[in-house]
Amino acid sequence: DAGALPVWFLSKMTRQHVTVALSGEGADELFGGYSTYLANRYARRLRMLPMNLRRWAGRAAARIPVSDEKIGLDYKITRMLQGSVLGPVEAHHFWNGTFSPSSRRLLLNLEGRRRMQPGDPIELPQNPLSPGNGIGYLNRFLWLDQLYYLPDDILYKSDRISMAHSLEVRTPFLDHRIVEFAARLPESLKIHGGQLKYVLRELMKKRLPLNVLQRRKEGFDIPAHDWLRTVLRPLLHDTINERSVRQTGIFSWPAIDASIRAHMDRRANLGYHLWGLLVLFLWMRRWGFTLALPTGRAPAALGKEPEGIVSVAS
């Protein structure tokens, strides 16, 4: 998660003044604060169109000139159309992440594809706290994020990084009474028209200035598209190159090279995709990752080999 970097520096700065801080984490997953929930709604309508038409539109959108914005209109349109050809749950995870299942598969060589076994599909869950059958489409995605995205990414990141600076972060929105209250609310009080976190904004109308209430939602992360074309470009090329990719035994260098070139040539904004690959390859270098091949021969470890080697069997 690229947001780990700003959280690191924010925690470091905060610890200079206090030892305990309050965080608003959980509010987005409880009350509908992410634009991905709007994407779920729009994609539901798009899926009424023929699949071939959606595929064609997605390819056409990929030709839109890329902007310098972190998440520009070109990026949103392309991602929306790409997600519309996926199932609802796959699309939701795709919008929260980077690679779609098909594009992940393209990054692998034949050995990697052979080893990549599909897991059990995640179904859209029913929230046990919501009354009757009136849970609504939105509430089921909120519950999905409360089960996976919130504990496995958002809270995990915040807890690890804040404690690295001896800062205790508390999350009042995740008091069980607020969670239970939010679960029982109709979705119209969470997203009203295109207004995210509607009920919270209404409650805060007389308590916060308008420029806060009306501010556009923006993720707390880095300008990955720009940094990987500029200040992080040397690190990217030093870490992900033909030698390091082929040594993994599972990735396809032509596919990864094509993604890097497309991003550098500004034919696509793939900063978050490349950030994920960069972190993965740095992790493999740090731990001397090597792949145990069926023949018993393994590629050399990436970079300098530390004391222990992590060997991943099929």
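Helices (H or I, at least four residues) and strands (E, at least two) are DSSP runs, numbered from the N terminus. The views below show a predicted model, in which local features need pLDDT of at least 70 and side-chain atom pairs count only at pLDDT 80 or more, while totals for chains, interfaces and linings use all residues. Residues are numbered from 1 along each chain as its sequence is written, and side-chain values use heavy atoms, with hydrogens and water left out.

**View 1. Y156 in helix α10.** Helix α10 covers residues 149-163 and includes Y156. Y156 counts as partly exposed because its relative accessibility is 45% (buried means under 20% relative accessible area, exposed over 50%, partly exposed in between; 1.4 Å probe, protein chains only). Setting aside residues up to four places away in sequence, Y156 touches L150 and P151 (contact means heavy atoms within 4.5 Å).

**View 2. The largest nonpolar core.** A nonpolar core is a set of buried Ala, Val, Leu, Ile, Met, Phe, Trp, Tyr and Cys residues joined through side-chain atoms within 4.5 Å. The largest one has 30 residues, and L236, I240, F251 and I256 have the most contacts inside it. Helices α14 (224-229), α17 and α18 (271-286) each supply at least two residues of this core, and α18 gives the most, with 7 residues.

**View 3. The surroundings of F251.** Beyond its neighbours within four places in sequence, F251 is in contact with L107, L108, N109, V245, I256, L280, F281 and M284.

View 4. On a 1 Å grid over the protein atoms alone, a pocket is an open set of points where a 1.4 Å probe fits, with protein on both sides within 12 Å along at least five of seven lines; lining residues have an atom within 4 Å of a point. Of the 33 lining residues, A62, T78, Q82, S103 and L270 are the closest to the pocket's centre. Helix α5 gives the most to the lining, with 6 residues. The lining divides into 17 nonpolar, 10 polar and 6 charged residues (Ala, Val, Leu, Ile, Met, Phe, Trp, Tyr, Cys and Pro count as nonpolar, Asp, Glu, Lys and Arg as charged, and the others, Gly among them, as polar).

**View 5. Residues 303-314.** Over this stretch pLDDT, the predictor's confidence in each residue from 0 to 100, stays under 50. Where pLDDT is low, the predicted coordinates should not be read in detail.
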